Structure formats: structure tokens, C-alpha cells
Amino acid sequence: VGSHVPSRVLTNHDLERIVATTHEWIVTRTGMRERRIAAAHEATSDLAVAAGRRALEAAGVQPADLDMIIVATITPDYPFPNTACLVQRQLGADRAFCMGLEAACSGFLYGMETARCYIAAGMAQTALVIGAEKMSAVLDWTDRSTCVLFGDGAGAAVLRPAPAGRRGIISSVFGSDGTLSELLMIPAGGSRRPATAETVAAREHCLRMRGREVFRHAVTHMAEAAVAALHKAGLSIADIRWVIPHQANLRIIAAIGERLRCPASRFIVNVEKYGNTSAASIGLALDEAVRDGRIVDGDLVLMVAFGAGFTWGATVMEWTG
Ligand code: COA
């Protein structure tokens, strides 16, 4: 695994100078203290490449060994070509086929599962999965209810068949509900409402969210997906060493902990440092916890995500590293 965040830190106090908010409100309602913001010249693929290089190094894999690259993002460099192709070019991973994946904050888990299926089907041996976002590029910096919540970053993992006797990815469950798409979206700039001077003036090319409703669905679906993935794996929450939830809000994470009856000490949380980095969030948290020695070889890890669409999912794995 590997990750990368831009060097510029935007604190809650910095945000007090941009919109009518306070450090106290943001900490109490979200648990966030700061987030990272990419430079104007940095695009999502640049963050993705940095995270991808770290993951390749950690895995001892050369770019030429990669059969496939998946980049999950809702902030691609361009509408097309897909960001994974741009990552391939920078890495020099000539043999890989490349695809983008749009599942918002669930993107990293959807990407892991897609790569697992290709590997299990014998269509790839070595895959690089990256979740990367430059959320700062799609935020409405005049909307205090959304601009304080998100940050930029990337998380990456190299996937290969599990060694003999090891379980690797044990179970996954996924779900979606397109009937609630309008609760969290970018309303304009796509084919339904192409960008015009009017849509830009109205900031409709920026993220819009009905936060309270999204909150409720996030808790329900993440808790249910976690239980379903555990059931499918034949495990109980007591067997799980670490839970890595999507880092959207500390209160959402606490509510999931309560529903799963799992103490906060077994949750990997870094939302205070990075805010919600969407598709990057689980990969970033996984990488930090592996590098600082919390997650060790043999640990059973439960990852659980929820995002726009709506999309959600949970994966149980035995960490091998
Ligand atoms: N600073 C100060 N006040 C703010 C604020 C900010 N940054 N943003 C909103 N407020 C105000 C609102 O205007 C509202 O004021 P009002 O009562 O006078 O209308 C008040 O705070 C409460 O807003 P509400 O939306 O009810 O707060 P909340 O407790 O639901 O918290 C979120 C708001 C966005 C933090 C919370 O709903 C949330 O985290 N939702 C899920 C977001 C998410 O995870 N999305 C991605 C999923 S992948």
C-alpha cells in the first residue's frame, strides 16, 4: 500500500477566514481539524502517481509488472481520457490495461473488488488500485455546509493472488441506490446539463449535498454492509482486529461503532487530519496504519464505505505483508 497528500494544510481556523464558520463547529460536528489542498498545478493523476509509486515500492513490484491499473475518482483530470491512463503514462506501466471507476467515496473498495475479480478469473496477476481525489477543485468555496468537509489525497494498493495458505480478501458485499442520487451530486458540467456561463455563475459545477439525509443513509448502509460482509466471511466483529471506515465524519464513524458494538480503539481514524478525501480515504487510512505498525501480518481487517450514487460496500481481508 502507499499514499500521498499534498503539502498545503488548510486548518479550520483558515476556513474561518473563507466562510462563516468556526473551528468549534467543525470539530464538534465532524471531528475534522485540518485537510490537505493540492496546488493549482497538481491534478488528481499527480496525487495518484505519487501514491501508486509508494505502493509499488512497498510491494517490490516494478511498473512493467502491472497487468491492470484502476483509478477510482470523481475528480478526474479530464472528462476523458480516464485518469488511470494518465497514471500509466507517468509510471511507465506499458503492459497494463487501464480503467477509471466512478463510485465516489466507495471507489477504493469497488476498485479492490474489481481487481480481485480479474485476478481470481485469471485475467490479471498484478493490479494497482488507486483512489485519488482533488476535491478542492469541485467544492463551492462559498458554501460553508460542504467546503469545510473535504480534502485532497490518494491511497493505493498493489493486489496479487494470496500466497498459499493465506486468505487475502475473504469476503465483500456491495450495494447501490440510484433513487437517492440527487442528495449528493455535481448538478452541471456533464451531458445532462453541459457547462454554460449560467451554470458556472450559479456554481452548479460544484458539489452539492443534503448533509443531514446523507448522514442517516451513510450510517445505516455502512453498518449493514459491515454485518453482511462479516456474515459472508463466517466471522464476528470480535474476530476483527481493525475496522477502516470511510472517513466522512467522526460522528458517522462513532455511530457505526455503536451499531457494530465495536470499541473506538479498534477503528482506524484520520479524519481529523485529512477531512473526507472521498475515494482516497480508505486507502490513505490503510497505508498509514500499515506503515505505523498498527496493522500487522495476519490481522483481520474490515473496510467499509459509503458514497454518492448512493454506493456502499464492505470488505473483510487478512492482511499479508
Ligand atoms: N459552520 C457553521 N455552521 C454550519 C456549517 C459550518 N461549516 N455548516 C452548516 N452549518 C449550520 C447550518 O446552516 C445549520 O444551521 P441552521 O440550523 O440555522 O439551519 C446548522 O449548522 C446545522 O446544520 P445541519 O446540516 O443540521 O448539521 P449536521 O449536524 O447534520 O452536520 C454535516 C452537518 C454536513 C457535518 C453532517 O450532516 C454530515 O456529516 N453529513 C454527512 C456528510 C457526508 O459524510 N457526506 C459524504 C458521505 S460519503
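## Exercises around the ligand and the salt bridges

A backbone N or O atom of Arg-144 sits 2.9 Å from a nitrogen atom of the ligand. Keep in mind that this is a predicted model.

**Exercise 1.** Find out which residues come nearest to the ligand, and which helix supplies the largest share of the shell.

*Solution.* 
- Step 1: Start with the 23 residues around the ligand; Thr-21, Arg-144, Gly-211, Arg-212 and Asn-249 come nearest.
- Step 2: Look at the polar atoms. A polar backbone atom of Gly-211 is 2.9 Å from a nitrogen atom of the ligand, and an N or O atom in the side chain of Arg-29 is 3.0 Å from an oxygen atom of the ligand.
- Step 3: On its own it has 960 Å² of accessible area, and the protein covers 76% of that.
- Step 4: Turn to the elements. At least two shell residues each come from helix 2, helix 6, helix 8, helix 9 and strand 12. Helix 8 gives the largest share, with four residues.
- Step 5: Sort the shell by class: eleven residues are nonpolar, eight polar and four charged.

**Exercise 2.** Decide whether Met-222 is buried or exposed, and name its contacts beyond four places in sequence.

*Solution.* 
- Step 1: Locate Met-222, which is in helix 8.
- Step 2: Its relative accessibility is 1%. Buried means under 20%, so Met-222 counts as buried.
- Step 3: Leave aside neighbours within four places in sequence. Met-222 then touches His-246, Ile-252, Ile-256, Val-304, Ala-305 and Phe-306.
- Step 4: Compare sequence with space for one more pair: Met-222 and Met-303 are 81 residues apart in sequence, yet their C-alpha atoms are 9.6 Å apart.

**Exercise 3.** Describe the salt bridge between Glu-288 and Lys-273, and say where each residue lies.

*Solution.* 
- Step 1: The side chains of Glu-288 and Lys-273 meet at 3.3 Å, N to O.
- Step 2: Glu-288 is in helix 11 and Lys-273 in helix 10, 15 residues apart.
- Step 3: Glu-288 counts as buried at 17% relative accessibility, and Lys-273 as partly exposed at 31%.

Note on methods:
Residues are numbered from 1 along each chain as its sequence is written. This is a predicted model: local features need pLDDT of at least 70, side-chain atom pairs count only at pLDDT 80 or more; totals for chains, interfaces and linings use all residues. Side-chain values use heavy atoms; hydrogens and water are left out. A residue is near a molecule or strand if one of its heavy atoms lies within 4 Å of it. A polar contact is a pair of N or O atoms within 3.5 Å; within protein, one must be able to donate a hydrogen and the other to accept it, and residues adjacent in sequence count only if both atoms are side-chain atoms. Accessible areas come from the Shrake-Rupley method with a 1.4 Å probe; for residues, only the protein chains shown count as cover. Ala, Val, Leu, Ile, Met, Phe, Trp, Tyr, Cys and Pro count as nonpolar, Asp, Glu, Lys and Arg as charged, and the others, Gly among them, as polar. Buried means under 20% relative accessible area, exposed over 50%, partly exposed in between (1.4 Å probe, protein chains only). Contact means heavy atoms within 4.5 Å. A salt bridge is a side-chain nitrogen of Lys or Arg within 4 Å of a carboxyl oxygen of Asp or Glu.
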